[in-house]
Amino acid sequence: MITSGVEDEEKWLAAGISGLQQNAFYMHRALDSNNLKDALKYSAQMLSELRTSKLSPHKYYELYMRAFDELRKLEIFFREESKRGCSVVELYELVQHAGNILPRLYLLCTVGSVYIKSKEAPAKDILKDLVEMCRSIQHPIRGLFLRSYLSQVSRDKLPDIGSEYDGDADTVMDAVEFVLQNFTEMNKLWVRMQHQGLAREKEKREKERSELRDLVGKNLHVLSQIEGIDLDLYKDMVLPRILEQVVNCKDEIAQAYLMDCIIQVFPDEYHLQTLETLLGACPQFQPSVDIKTVLARLMERLSNYAALSAEVLPEFFQVEAFAKLNSAIGKVIEAQEDMPIAGAVTLYSSLLTFTLHVHPDRLDYVDQILGACVQKLSGKGKLKDNKATKQIVALLSAPLEKYKDIDTALKLSNYPRLMEYLDDATSKEMANVLVQNILKNKTCISTAEKVEALFELMKALIRDLDEGINDELDEDDFQEEQNSVARLIQMLHSDDPEEMLKMICAVKKHILTGGPKRLPFTVPPLISNSLKFVRRLHSHDENAPDEEASAMPKNFFQILNQIIEALSIVPVPELALKLYLECAEAANDSDLEPLAYEFFTQSYILYEEEISDSKAQVTAIHLIIGTLQRMHIFGVENRDTLTHKATGYSAKLLKKPDQCRAVYACSHLFWVDDQDNIKDGERVLLCLKRALRIANAAQQMSNATRGSSGSVLLFIEILNKYLYFFEKGVSQINVASIQSLIELITTEMQSENTTADPAADAFFASTLRYIQFQKDKGGAVGEKYKPINS
C-alpha cells in the first residue's frame, strides 16, 4: 500500500513537471516574440499545475521550485516591457483576468514586484493589496507556498529606513504590518494542516508540517532584517503581535518552533530588554510544549551575549535577569508536574551557566540553583535516569570549571547534598572530576574543615562500595584513580602545626574506611606528607625549648603509628615495615630516641611474625640495615640491641648468597663516617670474615649438589667491601687480608670446578683496574695501595 502510494505520487509529480515544462516552452516562445497575451496565457496554464492536492509537501516543493525559476524569467520580461513603455498599472490589471485564482495570484505577485520597482505607486499600497488577495487561497500547502513566494519577491522591496521604496519612519510600520500579516496567515495555514485528515495519519501530518516549518519561520527572519525596527518598536508592537499569534494558535509544534525562531533571529539585547514579556508567554503554551528546551536556548543565547563583553553586564543587572529567569523556571517546573527529572535539571543547568557568566561573584545565586535542584530531587533516592545523571554531573562540574578552585565548591552548602543523589558509579566519576580539578589547578587545601568537606565529597573514591555492589572498574583505572587520590593527599598543607595535625586526623578517618584494596595507595602518601611536615617543623623549632619542640612531633608520630597499624587488615607487612622505618628515620631527625626505637621494634616484629617469603625477607633486611646505618640518635645499648638483631636476621636468611650479602652489608653498621662513636673495626672485620665463611659454604654446597663450585661473584663483592673499609682507614683491614682474598679469587677462577661467569670475570677485572688506578694516583693513597699485588 505504501509503496503503491509513493509510486502514484511519483507519477503525479512527473505529470505535473511535464505539463509545467510544456507550457513553459510555449511561454518562452511567446516571450521571445514579445507576444504578451500568449505569454500570460501559457504562464497561467503552467501555474495551474500548482493547483494539485495530490503531492506531499516534499514533492510539491520540487514542482514549486521549477515554477519559481520560470516566474523569475517572466518577471525579467515584465521589467523589460515596462522599460519599453508598457504601463505596469495596465499589466497589473491585465494579469487579474487569469481564469484560476492560484495562477492569477502568482502572476499578481510577479507583476506586483515589478510594479513596486517602477515606483508608479507606493510600495505599501501594493504590498497591502497583495497580502490581502492571498487570503483567497485557504488550502494549507498551496497557500503556504504562495505566501512564501510573496515574501520572497517582496523582501528587498519593503519600505524600510534607507530603502528606495518610500523608506521613512512612517512607512516602516507598513513594512512591519505587511510581514506580520503574512506571518499570521501562514501560521494559520500551517496549524490548520494538523486538523485535516484521519486521526491515524497524525504522525504523517506532523512529518509534513515539519517539512514546511521553514516557510513560516522565514517571515520572522525577514522581520529581524528590517532596519527600522528599533528596541521600542520591537518591544511595543513586533514581539507582542508575534507572541499573540504563537499563544493563540494553541498548537504545540508551532509554539515550540516559533519560540525557537524568535530566540534565534532577533538580537540578544532585544531579548534581554523584553525578557519579562518572553517569559510571561511560556506558561500560556500548551502543556505538551517542550518549554525546557525553549528556556534552555534562551539562557544559552543570553549567556553567550554576557560572555562577549563585560560592558553588557550592567544591562543584565538592570533588568534583574537572574530573578526573572529563576522565577520562570520555578513556575514551569511547578506547572508541569510530570516533567522528567532530566528536564528540570537541564533547566537548572542552563540557569547555572547563565549565572556563572553574568553573576560570577554571586555564590549565593549558585547555591540557590543547586538548592532548587535538591528540592526537586527530594524523596527520589539515587537517580537511575542516565540523562538526568549526566545533567547533574554537568551542573556540579560547572562551578569547578568557572572558578578553577575547589574552595568555592566547598562553600556551597547544597553541593554535597546534590551529590547524594548520584549513584555509586557516577559519584565516583564526579569525585574524580573534583580530584583532577585540584591537581590541575594545584589548589592547596589548608584547613581541617575543608579536608573534611572535600573527603566527604570524594567518598566514592576512598571507600569500598556497599556490599553486593559489583565494582567492575578495570584494575588499571582503579590504580590511576587511587594514584590521583595519593597525589591529592600530598598537596594538603598548613603552616599551623595544630591545624595540620587536625587535617591528618581528618584524612586518617576517611581513608581508613577504604578497605584493604585502597589502603596501600592512600596510607603511604599520608605518612610521607606528615613526615615532610614533621621535618620542616623540627628545622623551625630548633631554638625552642626541648619539651615544647618535641611535644608536637610526638603527637604526629602517635597518629602515624595508628595509621600504619591499620595496614594489618590488608595485610601488606612489607609496606608497613618500610613505613615504620621511614617514621624511625624522621624521629631520628627530630631527636626523639624512644619513638625511633619503638618504630624499629615494630618493624622487627613485622619481620619476625609477618614476612615469610624469602625474597621479601632479603628486601626487608637490607631496608633495615640501610635505615639503621643512618640513625645517630641511639645510645650504645639501644644501638647494640638493634644491630645485634639485624645481624642475626641476616645470618638466618634461607639462601647462602642472600645470607652472605646481608652479613657483609651489616659491616656498615659498625663504621659510620660522620659518627665518631660508631667506628668498631673489629666488628667490621668480624662481619666480613663471617661473610667469607658463608660464601665458602655456598661454594661447597654448589660443589656437592652440582659437581662445580659455582661463581666466585660473592668473593669479589666481599673484596670490594674490604677495599672500601681499607680506604676508610679501618686498621683491622690490612694489605695482607686483601692480598690473600685476591689470590683466593684468582685461584678459584682458574680452577676447573668453577663455573664460568662472564659477569664475575668483568667485575674482578674492573676491581683490579681500580686498585691499579689508586696506585697510579701517587701520594698517600698510592703509597697505601702500593703493597697490594694485583
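Visitor: Which residue forms a salt bridge with Lys119?
Guide: First, a heads-up: this is a predicted model, where local features need pLDDT of at least 70 and side-chain atom pairs count only at pLDDT 80 or more, while totals for chains, interfaces and linings use all residues. Residues are numbered from 1 along each chain as its sequence is written, and side-chain values use heavy atoms, with hydrogens and water left out. A salt bridge here is a side-chain nitrogen of Lys or Arg within 4 Å of a carboxyl oxygen of Asp or Glu. With its closest N and O atoms 3.1 Å apart, the partner of Lys119 is Glu164.

Visitor: How many residues apart are Lys119 and Glu164 in the chain?
Guide: Helices are DSSP runs of H or I with at least four residues, strands are runs of E with at least two, and both are numbered from the N terminus. Lys119 sits in the loop between α5 (101–118) and α6 (123–133), and Glu164 in the loop between α7 (140–154) and α8 (169–192). So the pair links distant parts of the chain, and Lys119 has a relative accessible area of 49%.

Visitor: Is Asp260 buried or exposed?
Guide: Buried means under 20% relative accessible area, exposed means over 50%, and partly exposed is in between (1.4 Å probe, protein chains only). Asp260, in helix α11 (residues 252–265), is joined to Arg297 in helix α14 (residues 291–308) by a salt bridge whose closest N and O atoms are 3.1 Å apart. Arg297 is at 36%, so it counts as partly exposed. Asp260 is at 18%, so it counts as buried.

Visitor: Which helix holds Glu276, the salt-bridge partner of Lys324?
Guide: The closest N and O atoms of Lys324 and Glu276 are 3.6 Å apart. Lys324 lies in helix α16 (residues 321–335), 48 residues away from its partner. Glu276 is exposed, at 56%, and its helix is α13 (residues 275–281).

Visitor: How many salt bridges are there in the structure?
Guide: Some share partners, and these join Glu420, Glu456, Lys459 and Arg463 into one network. The total for the structure is 30.
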